Amino acid sequence: MVTSEAERRQWTQQGAQDTAKRTYDSVKTAISRSPALAGKVDIFLQGSYANATNTRGDSDVDIVVMSTTTYYPDTRLLSMAEVAREQQYGGQATTTSYQFRKLVEQALIAYYGSARVHAKNKCLRVDKRDGYVDADVVPAEQVRRYTSFPAYGSPDWIEGISIQPLQGPRIVNYPKEHRKNGQRKNGLCGEKYKPTVRQLKRLRRRAVEAGLIPKGSAPGYLIECLTYNVPNHLFVHDDSTRLLKVLAWLHTQTAAELTARFTACDEVHHLFVDDPGDHDAHLTIRVLDQLWQLL
């Protein structure tokens, strides 16, 4: 093994969260001061800070500003009768994605000034200052992936978000499901799932620094979802042994098995089929092989 046992144990530690929390609170304040948005949005973290899998304390933070007055219905799981009911009783959108993004941008500029707010394809970047981190603020609309729409009683749905980039097609993901399922998995694995994600992310970083894999070939989201699919019984107590067992199991998977069986943490998307990350199973196999060699 190239890595030491002491390193593998140390890699379980979570990065600092103070600056991310401070940044999150600041963005919430900025949005709350907008008369056009106050009381009409849900603001929450997504990504590694939200899922407690961050390995550094100075990474940028992803903050979703989701409109609660407009939603996109996903009726693919409903019967024809249920679809008809949704169309009859569902609300109509009153604000376009572009209009909502402009409202969020105006609120951020009013609070931070135009010099610190920059338009990016999928989000609005707020530059950091001392004691804070950069923030990617993501304007989004609610998605309701309906699982039932009965004639009597309330409909059931899985909540997701819809992001309309400046360029490219609309993106739908389910960050709240991702977070909830990750917490459940962590409990089922004796609180060892998230520390293992952090170990693998740090091993990935070591591989990038050594020039073994290209930067960006295994984003943190992919590492987290791969780990999510590992059987629970392999998350043993000993930190070093656990990392070995988890990576050994991942290393035995074929590209066909990744494609057929692996889900995203939200359990809505198939990781290598329809996930918005557009991951490549064959590239992932090569990355896992390099990580195994490095470990």
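**Exercise 1: the second largest pocket**

The second largest pocket has a volume of about 230 Å³, where a volume is the space filled by probe spheres set on grid points joined across faces, edges and corners. A pocket is an open set of points, on a 1 Å grid over the protein atoms alone, where a 1.4 Å probe fits, with protein on both sides within 12 Å along at least five of seven lines; lining residues have an atom within 4 Å of a point. The model is predicted: local features need pLDDT of at least 70, side-chain atom pairs count only at pLDDT 80 or more, and totals for chains, interfaces and linings use all residues. Residues are numbered from 1 along each chain as its sequence is written, and side-chain values use heavy atoms, with hydrogens and water left out.

Task: State which strand gives the most to the lining of the second largest pocket.

Solution. Step 1: S2 and S5 each supply at least two lining residues; strands are DSSP runs (E, at least two residues), and helices are runs of H or I with at least four, numbered from the N terminus. Step 2: S2 gives the most, with three residues.

**Exercise 2: two packed helices**

Task: Describe how H2 and H4 pack.

Solution. Step 1: Helix H2 (residues 18-32) and helix H4 (residues 97-112) pack at about 110°, their axes 8 Å apart. Step 2: The two helices, H2 and H4, are therefore roughly perpendicular (65 to 115 degrees). Step 3: Their contact (heavy atoms within 4.5 Å) includes Val-27 of H2 and Leu-108 of H4.

Terms used: Axes are lines fitted to C-alpha atoms, for helices over the stretch in contact, and angles run from 0 to 180 degrees between N-to-C directions. Angles under 35 degrees count as roughly parallel, over 145 as roughly antiparallel, 65 to 115 as roughly perpendicular and the rest as oblique.
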